[in-house]
Amino acid sequence: MSDFFSMGGHGFYIWASYGMTALFMIVEVLVVVLSNRAVRQRLTRMVRAEARTSHRQKD
Amino acid sequence: MTEDGLFVAWRAMLVRDLTLAMRRRADVLTSLFFFIIVVSLFPLGVSPEMAVLRGIAPGVIWVAALLATMLSLGRMFSDDHQDGSLEQMLLLPQPLSLLVLGKVLAHWLVSGLPLVLLSPLLGMQLGLGADAIGLLMLTLLLGTPVLSLIGAIGAGLTLGVRGGGVLVSLLVLPLYIPVLIFGTGAVDASLGGMDYEGHLSLLGAFLVMALLTTPLATAAALRISVE
Amino acid sequence: MGFKNSIAWYYFSSPKNFYALAGKLIPWFWVLAIGLIGVGLYMSFFVAPTDYKQGESYRIIFIHVPAAWMSMFIYLVMAAYAIIGLAWKVRMADMMASALAPTGAMFTFLALWTGAFWGKPTWGTYWVWDARLTSELILLFLYIGFISLQSAIDDPRRAAKASGLLAIVGVINLPIIYFSVKWWNTLHQGASVSPTMAPKMASIMLTTMLIMAIGFWMYTIAVVLMRARRIVLERERQTGWVRELLLGEGK
């Protein structure tokens, strides 16, 4: 097992590369998911608020 | 429209921009002094040894020229944009790219050509010989118009954008790299006793290509920014 | 056949239809991406043999090369969308171009990062002014310019058009920049580095790299479609279908 992680002495370089790649790809997905959710919530609030005011005006 | 009409419009634009620039000489001088100061910093920052300076001289002068051109790009369209004359230009029957070419030529005459004329002085300060200085001037003469032409696209795109001055350098500097490479490459090659004609031909080719294509891109950028 | 295709393109160039289709496709691209990257990872660590010259460190190329491919490929696709957006005024194409840029920039950065960590054990330094690395760095600058221009302009339509034009200017300049840098590199007799491998191993390595590259590609499509859906909602928020969609949500 530790043989696998040491990678013949090059473990640092290999894991730094694979680790950074994994980190960036996962963080990118998280950022996209979270900001999508935030935008949806913000827009939904805006649309609801507008719908309410236009409703009131009709009454 | 006759060809004469096109030429008249082009010349009118050139003369107008030159007149405006002459009224604001301080702006022009500022970027020239910037050029001189940046070059003068290198002996202080790197080493006063002439042998060292001679090696980096072409690169230093060229990079300073890129930065000095960059500083003056903001002026190319911003005043016309603010006082509304740019919108009038968009409405003219003459092709916008032709008018752009006139403006770019004015910009080069005011901010590019002085750099070419000043470069021998800076070349001497950095220990270049007469041949190398002549060649440096020639590369700047071929290269600085390309800088103005490409820079015009960036200036058009960032028109009226907040932080446009810094942004334009971000957009345009990567596109300047080929000119930088062949401009300094020619002088380096001649210092190393190698053939430099290929470099000059390529710089000339860049100039022709830029003359033919960038005014169209700049005109498109202006339409996007003004509409 | 051409007619039917053109109808399909027309149909999905409407943001509403795109939004619905992308929503259905995204899970499938995630399945493909995770599957392919999983297989690629397994192959790069357990199937591909140790290189006789470089030892284990060469395994970095299984992510380095696909990341570098993606960085260039995404820029080309982005510029193609920008051309479609500007020439035919297809709004959806503009939105796709802006959705692609961050992922392209990320792969460019990863190509540089993994290149540096592959370079250290292979040639002894993290960075050399090699033609490929230098061009990759300039590509990163081009992506950053695109993203900064887009975020600096407040009006989204102008932002899309301006950055689209910049992408087109960039893609025309890219070959000129690349060959200039290459020439500059040979002139200065600088380091030129490329992954060397023994001929016998080449096929298994190539297969692994291809699987990884397709996996990255599927990942890109999935993330970009997700991001494009958000951009659609933001830009189309005044339209009826977005309002209905959002109002119907919390009920």
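Keep in mind that the model is predicted. Chain C and chain B bury about 2,300 Å² between them, and the structure holds 10 salt bridges over all chains.

**Where chains C and B meet**

- On the chain C side, 28 residues are in contact with 26 residues of chain B.
- Of the area buried between chain C and chain B, 77% is on carbon and sulfur atoms.
- Helices α5 (131–152) and α6 (156–187) of chain C each give at least two residues to the side of chain C that touches chain B.
- With 15 residues, α6(C) makes up the largest share of that side of chain C.
- Sorted by type, the residues on the side of chain C that touches chain B come out as 18 nonpolar, 7 polar and 3 charged.

**The salt bridge between the chains**

- Chain C and chain B have 1 salt bridge between them.
- R162(B) and D154(C) form this salt bridge, with their closest N and O atoms 2.5 Å apart.
- D154(C) sits in the loop between α5 and α6 of chain C, while R162(B) sits in the loop between α7 and α8 (164–191) of chain B, so the pair joins two chains.
- D154(C) is exposed, with a relative accessible area of 61%.
- R162(B) is exposed too, at a relative accessible area of 51%.

**Helix α4 of chain B**

- Helix α4 of chain B covers residues 75–82, and M76(B), F77(B) and D80(B) are buried in it.
- Look down the axis of α4(B) and its buried residues fall within an arc of 65 degrees, so they line one face of the helix.
- Just after α4(B) comes G84(B), which takes a positive phi of about 85 degrees.

**Salt bridges within chain B**

- K103(B) pairs with D17(B) in a salt bridge whose closest N and O atoms are 3.0 Å apart.
- This pair links distant parts of the chain, since K103(B) is in helix α6 of chain B and D17(B) is in helix α1 of chain B, 86 residues apart.
- Both K103(B) and D17(B) are buried.
- D79(B) forms a salt bridge with R24(B), and the closest N and O atoms of this pair are 2.5 Å apart.
- Here too, distant parts of the chain are linked: D79(B) belongs to helix α4 of chain B, R24(B) to the loop between α1 and α2 (25–45) of chain B, and the two are 55 residues apart.
- D79(B) is partly exposed, with a relative accessible area of 28%.
- R24(B) is partly exposed as well, with a relative accessible area of 41%.
- Finally, salt bridges that share partners tie R16(B), D17(B), D80(B) and K103(B) into one network.

Notes: Residues numbered from 1 in each chain as written. Chains lettered and ligands numbered in written order. Predicted model: local features only at pLDDT ≥ 70, side-chain atom pairs only at ≥ 80, totals over all residues. Heavy atoms only, no water. Contact = heavy atoms within 4.5 Å. Buried area = accessible area lost by both parts, 1.4 Å probe. Salt bridge = Lys/Arg side-chain N within 4 Å of Asp/Glu carboxyl O. Helix = DSSP H or I, 4+ residues; strand = E, 2+ residues; numbered from the N terminus. Nonpolar A, V, L, I, M, F, W, Y, C, P; charged D, E, K, R; others polar. Buried < 20%, exposed > 50% of the residue type's maximum accessible area, 1.4 Å probe, protein only. Arc of directions from axis to C-beta.
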